[in-house]
Amino acid sequence: MHVTKKVGIAAVGSLLAMTACERADPRLENLTVGIAKDSAMTAMEGEAPKRIDSYLYNGQYIEAMLFPRKGKTDSAATADRKMTPVVVINGKLAGWGWDYWDSTATASHIEVAPK
């Protein structure tokens with residue numbers, strides 16, 4: 001492989017890694033599945049979610065709390081897919097992130113914002 005091509009691949013890889021790190025919400029590291037909803041909100045540094053969507057499905061009370069990224073409040077940053085979903089089922093934290101919310105919503109026949 002040509003040296004220039006190797007350098008280009010390394011540069012793209014580094015850029016992708018930095019972008020991925022930049023998007024991660026460090027507050028999520030404070031979350032643990034099974035904690036109470038109030039504890040999850042405290043772990044999100046006490047910030048209120050921008051929106052809470054509530055659903056009742058098969059006897060389970062499902063809440064999707066959408067949190068904007070820390071320090072981001074403009075309309076572009078508060079579009080559904082730009083925020084972080086934290087999912088509570090029957091008062092306990094079940095999971096977080098779009099992968100989790102998408103799979104839970106699909107299993108529960110809940111429509112969410114398109115990807």
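**Reading a predicted sheet, strand by strand**

Trainee: Why does Leu 66 count as buried?

Mentor: A residue is called buried when its relative accessible area is under 20%. Leu 66 counts as buried because its relative accessibility is 2%. Please keep in mind that this is a predicted model.

Trainee: Where is Leu 66 found, and which residues does Leu 66 touch?

Mentor: Leu 66 is found in strand 2. Leaving out residues up to four places away in sequence, its contacts are Pro 49, Lys 50, Arg 51, Asp 53, Asp 80, Met 83, Thr 84, Pro 85 and Trp 98. For Lys 50, the separation is 16 residues in sequence, with the C-alpha atoms 5.8 Å apart in space. Pro 85, in strand 3, is the bridge partner of Leu 66.

Trainee: How do strands of a sheet pair, and in which order do the strands stand here?

Mentor: In general, strands of a sheet pair through backbone hydrogen bonds, either parallel or antiparallel. In this model, four strands form an open sheet in the order 1-2-3-4, with antiparallel pairing. At the edges are strand 1 (51-57) and strand 4 (92-96), each of which pairs on one side only. Neighbouring strands are turned by 25° against each other on average, with direction ignored.

Trainee: How many bridges join strand 3 to strand 2, and how many join strand 3 to strand 4?

Mentor: Strand 2 (residues 60-67) and strand 3 (residues 84-89) pair over six bridges. Besides Leu 66 and Pro 85, there is Glu 63, which stands opposite Val 88. On the side of strand 4, four bridges join the antiparallel strands 3 and 4, and Val 87 has Gly 95 as its bridge partner. Strand 3 and strand 4 also form a hairpin with two residues between them. In that turn, Asn 90 has a positive phi of about 55°.

Trainee: Is Asp 25 buried or exposed?

Mentor: The same cut-off of under 20% applies. Asp 25 counts as buried because its relative accessibility is 7%. Asp 25 is in the loop between helix 1 and helix 2 (37-43), and its side chain makes a polar contact of 2.7 Å with the side chain of Arg 27. Setting aside neighbours within four places in sequence, Asp 25 is in contact with Met 44, Arg 69 and Thr 84.

Trainee: What is the pLDDT of the protein on average, and which element has the lowest mean pLDDT?

Mentor: Where pLDDT is low, the predicted coordinates should not be read in detail. The protein averages a pLDDT of 83, and 80% of the residues score at least 70.

Notes
Residues numbered from 1 in each chain as written. Heavy atoms only, no water. Pairing = 2+ DSSP bridges. Axes fitted to C-alpha atoms, helices over the stretch in contact; angles between N-to-C directions. pLDDT = per-residue confidence, 0-100. Buried < 20%, exposed > 50% of the residue type's maximum accessible area, 1.4 Å probe, protein only. Polar contact = N/O pair within 3.5 Å; in protein donor to acceptor, adjacent residues only side chain to side chain. Contact = heavy atoms within 4.5 Å.
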